[in-house]
Every structure is written in C-alpha cells, then in structure tokens.
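Open the model in your viewer and keep the selection tool ready. Each stop below says what to pick and what to look for there.

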Amino acid sequence: MGLSLNDVISRATINPAMAIKRPELGNISVGSVADVAVFSLRKGDFGYLDIRDTKMKGTQKLEAELTIRAGRIAWDLNGIGSPVWNAVPVSGK
C-alpha cells in the first residue's frame, strides 16, 4: 500500500492511542503495561481484499507470531514462547 514499516507500526499503535486520548497505550516506555506484538515479514504473492471485495496484490505480508497483553502471552502462533516438548522433564520420573 506504499507505507513504510515504521508508518504501519505508528498507524497501528501510537496514532490510535492518541486518537482515543489514551497516551499510556501504543508505546514502550518505563511503567507502561507490557503489550507487545511480534510479527514476521513474509514475502510472496498475496491478495488483500477491501470492504468492496476488490483485491490489491502485494508481495509482502506481516503475520502475527506472538501477542503479549499485560505481560502474559495471549496469542502464540508457532509456540515461540513455550519450551520444546521433549525438553520439559516429565513429572514423577
């Protein structure tokens, strides 16, 4: 859509926080609640639909990998915040 990654992040974080007059949201600073989103940047052939069901083609896509809300994992697409299953000791053995 012609935006830089910095513009996308600003438009999804600090700009909405300012619009709803919640300056404590949308930033990472000392004393702020730990709300963090981790994305991967995928490259490929993607289609994006708008409200009229018309498509814009693109070659990059941000995919949410992990969401932390108030310091706790709320979404973890690929288990990046969890230990590997066979690395965890089995209790009672």
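**Stop 1: colour by confidence**

This is a predicted model. Colour it by pLDDT before anything else. The protein averages 89, and 97% of the residues score at least 70. Now compare the elements. Helix H1, residues 5-12, has the lowest confidence, at a mean of 91. Strand S3 has the highest, at 95. Where pLDDT is low, the predicted coordinates should not be read in detail.

**Stop 2: the sheet**

Show the strands as a cartoon. Three of them form an open sheet, ordered S1-S2-S3, with antiparallel pairing. Which strands are at the edges? They are S1 (36-49) and S3 (72-76), and each pairs on one side only. Neighbouring strands are turned against each other by 25° on average, direction ignored.

**Stop 3: S1 against S2**

Select S1 together with S2, residues 55-69. Twelve bridges join this antiparallel pair. Leu-41 has Leu-62 in S2 as its bridge partner. Gly-47 stands opposite Lys-57 in S2.

Now move to the turn. The hairpin of S1 and S2 has five residues between the strands. Pick Asp-53, in the loop between S1 and S2. Its phi is near 60°, a positive value in a residue other than glycine. Most residues other than glycine have a negative phi. Is Asp-53 buried or exposed? Asp-53 is exposed, because its relative accessible area is 61% and the cut-off for exposed is over 50%.

**Stop 4: S2 against S3**

S2 and S3 run antiparallel and are joined by four bridges. Ile-68 has Ile-73 in S3 as its bridge partner. Thr-67 stands opposite Trp-75 in S3. The hairpin of S2 and S3 has two residues between the strands. Check Ala-70 in that hairpin: it takes a positive phi near 55°.

**Stop 5: salt bridges**

Three of them are worth a visit.

- Glu-63 and Arg-42 form a salt bridge at 3.2 Å, N to O. Glu-63 is in strand S2 and Arg-42 in strand S1, and the two are 21 residues apart. Glu-63 is partly exposed at 24% relative accessibility. Arg-42 is also partly exposed, at 35%.
- Asp-45 and Lys-57 form a salt bridge at 3.2 Å, N to O. Asp-45 lies in S1 and Lys-57 in S2, so the pair ties together parts that are twelve residues apart in sequence. Both residues are exposed.
- Arg-52 and Asp-50 form a salt bridge at 3.1 Å, N to O. Arg-52 is exposed at 63% relative accessibility. Asp-50 is partly exposed at 30%.

**Stop 6**

Go to Glu-65, in strand S2. Glu-65 is buried, yet has no salt bridge. Which side chain of opposite charge is nearest to Glu-65, and how far away is it? It is Arg-42, 7.4 Å away. Arg-42 has its salt bridge with Glu-63 instead.

Now display what surrounds Glu-65. Residues up to four places away in sequence are not counted here.

**Stop 7**

Select Lys-21, in the loop between helix H2 (14-19) and S1. Lys-21 has a positive phi of about 60°, although it is not a glycine. At 70% relative accessibility, Lys-21 is exposed.

Finish at Leu-3, in the segment before H1. Leu-3 is partly exposed at 35% relative accessibility. Leaving aside neighbours within four places in sequence, Leu-3 is in contact with Val-8 and Arg-11.

Terms used:
Residues are numbered from 1 along each chain as its sequence is written. This is a predicted model: local features need pLDDT of at least 70, side-chain atom pairs count only at pLDDT 80 or more; totals for chains, interfaces and linings use all residues. Side-chain values use heavy atoms; hydrogens and water are left out. Two strands pair if DSSP finds at least two bridges between them. Axes are lines fitted to C-alpha atoms, for helices over the stretch in contact, and angles run from 0 to 180 degrees between N-to-C directions. pLDDT is the predictor's confidence in each residue, from 0 to 100. Buried means under 20% relative accessible area, exposed over 50%, partly exposed in between (1.4 Å probe, protein chains only). Lys and Arg count as positive and Asp and Glu as negative; His and the chain ends are not counted. A salt bridge is a side-chain nitrogen of Lys or Arg within 4 Å of a carboxyl oxygen of Asp or Glu. Contact means heavy atoms within 4.5 Å.
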